[in-house]
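Trainee: Before we start, I would like to go through the labels used for this chain and ask what stands behind each of them.

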Amino acid sequence: MVAGMLAGAVATAVLAAGGGVGGGAAGEGAPFYEMKVGGRFAPPAASMYVWAVTYDTKLVPAGSQIEIEQSGRPNDMSVTLRVKGMQPGHAYGAHVHQKPCGVDPEAAGGHYQHRKDPVQPSEDPAYVNAENEVWLDFTSGTDGSGTATARHDWEFRPGEARSVVLHRERGGAGERVACFTVPFLPTH
Ligand SMILES: [Cu+2]
């Protein structure tokens, strides 16, 4: 849904909805939520608020776009990433991180973990995996677009999921090439 992306250097749209739609066996009557935010990447020097920042303009060109959508209900959370304008045919890693983006790629901190590794920075595969973290790895198409969705039966702890970081390589590690600050729910 590239058409849903908003124009502008930094653009956000937040939608929140309450009240169940019914019909779902487990979630009937349960409150649901939906949040969508989009932005255009820019190098740190040009990003006054460092909201959508690229650290590698070859892999994540200035002006490329990202959109993150989070939706769900208790015990059923989906996070979807959509990008446009990436380097074609590249396999990117992407995860939800703990802190907002900064001029320094390390500002976003480590990965959000459902079960927190007592040892930080976490490198233990028992904690660093797509079940315990939110991984949104994708491979861009020939047109530079890409998408990924992660679904979990848990929600974020309030305020502990603050950004999505794009990495040079798929998997749990790799150099950070871009960062997008996201107001994941619940925020507090
Ligand atoms: Cu990461």
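The questions below take the labels one at a time.

Mentor: This is a predicted model, in which local features need pLDDT of at least 70 and side-chain atom pairs count only at pLDDT 80 or more, while totals for chains, interfaces and linings use all residues. Residues are numbered from 1 along each chain as its sequence is written.

Trainee: What is the average pLDDT of the chain?

Mentor: pLDDT is the predictor's confidence in each residue, from 0 to 100. The chain averages 86, and 82% of the residues score at least 70. Over residues 1-25 the pLDDT is below 50, and beyond near neighbours in sequence this stretch has 49 contacts in the model. Two residues are in contact if their C-beta atoms, placed from the backbone, lie within 7 Å.

Trainee: How many helices and strands are there in the chain?

Mentor: There are 0 helices and 10 strands. Both are DSSP runs numbered from the N terminus: helices are H or I with at least four residues, strands are E with at least two.

Trainee: Why do S6 and S7 count as paired, with 2 bridges?

Mentor: Two strands pair if DSSP finds at least two bridges between them. Tyrosine 92 stands opposite phenylalanine 138 in S7. On S6 and S9, also antiparallel, there are 5 bridges, and the bridge partner of glycine 93 in S9 is histidine 167. S3 pairs with strand S10 (residues 176-181) over 3 bridges in the antiparallel sense; there, alanine 52 has phenylalanine 180 as its bridge partner.

Trainee: Why is glutamate 160 called partly exposed?

Mentor: A residue is buried if 20 or more other C-beta atoms lie within 10 Å of its own, exposed if 12 or fewer, and partly exposed in between, with C-beta atoms placed from the backbone. Glutamate 160 has 16 C-beta neighbours inside 10 Å, so it counts as partly exposed. Glutamate 160 is in the loop between strand S8 (146-152) and strand S9 (163-167). Not counting residues up to four places away in sequence, glutamate 160 touches Gln98 and Tyr112.

Trainee: Why is asparagine 75 called exposed?

Mentor: Asparagine 75 has 12 other C-beta atoms within 10 Å, and is therefore exposed. Asparagine 75 lies in the loop between strand S4 (65-73) and strand S5 (76-84). Its phi is positive, about 65°, although asparagine 75 is not a glycine.

Trainee: What makes S6 mostly covered?

Mentor: In S6, 6 of its 7 residues are buried. For the chain, 35% of the 188 residues count as buried.

Trainee: Which peptide bonds are cis, and what is omega there?

Mentor: The bond from glutamine 120 to proline 121 is cis, with omega near 0°. Proline 121 lies in the loop between strand S6 (91-97) and S7. The bond from leucine 185 to proline 186 is also cis, with omega near -5°, and proline 186 lies in the segment after S10.
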